[in-house]
Amino acid sequence: MIASPSAARDYSGPIIETEALHKRYPGVTALDSLRLRVEPGVVGLVGPNGAGKSTLLKILLGLLQPTSGSATVLGFDVARQSMQVRDLVGYSPEHDCIPGDMSAVNFVVHMARMSGIPAKAARERAAEALRYVGLFEERYRHMQGYSTGMKQRVKLAQAIAHDPRLLFLDEPTNGLDPEGRDEMLALIERVGREFGMAIVMSSHLLSEIERVCDGLVLIEQGRLVRAGRIAELTDETSVLVVDLEGDAAPLASQLRGQGVEAAADGRRLEILVQPEEALPVRDAVVAAVADAGLPLLRLEQRRRQLEELFEPGQREPVA
């Protein structure tokens, strides 16, 4: 069912749904029968360059027409109701789209007016948004003199000025140094936490996704590889990691004598344990460490890393 404009802000379904979404350029398939359902939250859209991330965002905004298939954003059909989608979505594109001969405040006001905000309210919203991203003192300067980090902040300010339900951020840290990247990621975290906006953030850096996002969509060659909550995708493995203050080799030998699969690497002990055996094995390890008189620094089940999703054996497309 397609949402009505009056009910849009109370909409509680998936923020994005696609069905057999296909986009082909001459000689290139950007999206290949993509089927996707994204729940609210802060979601990382990740994949290698050319995976189709930017194409997907532009289709969801109604800026590109798909070759075939369908998509909805916040319950609206992106092909037939793109204006309603844009009323409720803020967008920060990857490319440099800042008009250098305008001041930041005039640019953000203009973008707010384009979203249907009255003139007076648009100026108030622009000032608030620029203050939020740390550019209030610089708001009257022409943006041609802005650094890359300042331009990225302006793009974020114009994306949030009309109080959207959902943000699309396409590579928001592109071109930033490590300090600027940290500051931008902190801003995105604040927006999601303080404003309650759903966010879809495209990035090719897994470290950014792990820091900011609670959900993940991984696409490659236009196909869905994985999607879900990061906590579920990085679930516990069968390896128990024990860090000691001292050589772990004697302890590993002792545990192997008790039938425990243990291997030592310097001060670290790695133990293969099945879920049903986890508690007795942990007890045996704690007892052996105490008997050996070695300070125990860490004992925890290893979790999968996001990087493992990119390993060849993990990349079969989902059904």
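Helices α9 and α10 cross in a right-handed manner, a crossing being right-handed if the near helix is turned clockwise from the far one by less than a right angle, and left-handed if anticlockwise. The contact (heavy atoms within 4.5 Å) is made by Leu251, Gln254 and Leu255 of α9 and by Ala284, Val285, Ala288 and Val289 of α10. These residues comprise six nonpolar, one polar and no charged; Ala, Val, Leu, Ile, Met, Phe, Trp, Tyr, Cys and Pro count as nonpolar, Asp, Glu, Lys and Arg as charged, and the others, Gly among them, as polar. The axes of α9 (residues 249-257) and α10 (residues 278-292) come within 11 Å and cross at roughly 135 degrees. The pair is therefore oblique, given that angles under 35 degrees count as roughly parallel, over 145 as roughly antiparallel, 65 to 115 as roughly perpendicular and the rest as oblique. Axes are lines fitted to C-alpha atoms, for helices over the stretch in contact, with angles from 0 to 180 degrees between N-to-C directions.

The model is predicted, and local features need pLDDT of at least 70, side-chain atom pairs count only at pLDDT 80 or more, and totals for chains, interfaces and linings use all residues. Residues are numbered from 1 along each chain as its sequence is written, and side-chain values use heavy atoms, with hydrogens and water left out. Helices (H or I, at least four residues) and strands (E, at least two) are DSSP runs numbered from the N terminus.

Six strands form an open sheet of mixed pairing in the order β6-β7-β8-β3-β9-β10, where pairing requires at least two DSSP bridges between two strands. At the edges lie β6 (89-92) and β10 (223-229), each pairing on one side only. From one strand to the next, the twist averages 15 degrees. Four bridges link β6 to β7 (residues 166-170) in the parallel sense, with Leu167 of β7 as the bridge partner of Gly90. Helix α6 (residues 178-195) packs on the sheet, touching β7 and β8 (198-203), and its direction makes about 155 degrees with that of β8.

Strands β12 (residues 261-265) and β13 (residues 268-272) run antiparallel and are joined by five bridges. Ala264 stands opposite Leu269 of β13. Two residues separate the strands of this hairpin, and Gly266 in the turn has a positive phi of about 65 degrees.

His22 belongs to strand β1 (residues 16-25). Its relative accessibility is 17%, so His22 counts as buried (buried, under 20% relative accessible area; exposed, over 50%; partly exposed, in between; 1.4 Å probe, protein chains only). Beyond residues up to four places away in sequence, His22 touches Thr29, Leu31, Asp32, Ser33, Pro66, Thr67 and Ser68.
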